[in-house]
Amino acid sequence: MGESMRVLVFSHKPEVREAIVNAVGRRPAADLGRVEYVEAAGIADVLSEVDEGHVDLAILDGEAQPTGGIGLCRQLKSEIADCPPIVVAVRRKDDRWLATWSQADAVLVHPLDPLTAAETVADVLRARRVPVVNG
């Protein structure tokens, strides 16, 4: 069934963080462990959590203010050697290309569909735990 995983949810708006947590749920898939959420309202909190290496996945609000999750994703992917996978939540489908530019591992589009959100997060978490085989 798997061990619990720590998922960081970043947005300056508590209602956006709550919507993400509710959409993904405490157990996004039967073959994965329970999810423990860590909420962050500011970039300093995100950087601290990711630097400590205790995050299995980060979900960033692309519309966060003053710095959005898209730019923050790009920064984390560029600066953190073993950066955890990142999912960016955007408001418009047309902004998916920006999330791709940011090197996000996956994209969610508001309004969040619970089935899609849970499936997307589960897929990213599964990909993270697959060991890399050389040769």
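Which residue of β5 stands opposite V88? The residue facing V88 is V107. This is a predicted model, so please read everything below with that in mind.

Strand β4 covers residues 86-90, and four bridges join β4 to β5 in a parallel run. Both strands belong to an open sheet of five strands, with parallel pairing and the order β2-β1-β3-β4-β5. At the edges lie β2 and β5 (106-109), each of which pairs on one side only. On average, and with direction ignored, neighbouring strands of this sheet are turned by 20° against each other.

## Strand β1 and its partners

β1 pairs with β2 in the parallel sense over six bridges, and here R6 stands opposite E36 of β2. To get from β1 to β2 the chain passes through α1, and this β-α-β crossover is right-handed.

β1 also pairs with strand β3 (residues 57-61), again in the parallel sense, over four bridges. In this pairing, V9 stands opposite I59 of β3.

## Salt bridges that reach across the chain

Side chains of opposite charge can pair when their charged atoms come close. A search of the whole structure turns up six salt bridges. One of them joins the side chains of R6 and E49, with a distance of 2.7 Å from N to O. R6 sits in strand β1 (residues 5-10) and E49 in helix α2 (residues 43-52), so this pair links distant parts of the chain, 43 residues apart. How covered are the two partners? E49 counts as buried because its relative accessibility is 16%, under the 20% cut-off. R6 has a relative accessible area of 22% and is therefore partly exposed.

R17 counts as buried at 11% relative accessibility, while E39 counts as partly exposed at 46%.

What separates D123 and R126 in helix α5? The two residues are three residues apart in α5 (residues 114-129), which means about one helical turn lies between them.

## How α2 and α3 cross

Two packed helices are described by the angle between their axes and the distance between the axes. For α2 and helix α3 (residues 69-79), the axes come within 12 Å and cross at roughly 30°. Angles under 35 degrees count as roughly parallel, and α2 and α3 are therefore roughly parallel to each other. Their crossing is right-handed. α2 is also the helix that holds E49, the salt-bridge partner of R6 in β1.

Note on methods:
Residues numbered from 1 in each chain as written. Predicted model: local features only at pLDDT ≥ 70, side-chain atom pairs only at ≥ 80, totals over all residues. Heavy atoms only, no water. Salt bridge = Lys/Arg side-chain N within 4 Å of Asp/Glu carboxyl O. Buried < 20%, exposed > 50% of the residue type's maximum accessible area, 1.4 Å probe, protein only. Pairing = 2+ DSSP bridges. Right-handed = clockwise from strand over helix to strand, strands pointing away. Axes fitted to C-alpha atoms, helices over the stretch in contact; angles between N-to-C directions. Parallel < 35°, antiparallel > 145°, perpendicular 65-115°, else oblique. Left-handed = near helix turned anticlockwise from the far one by under 90°.
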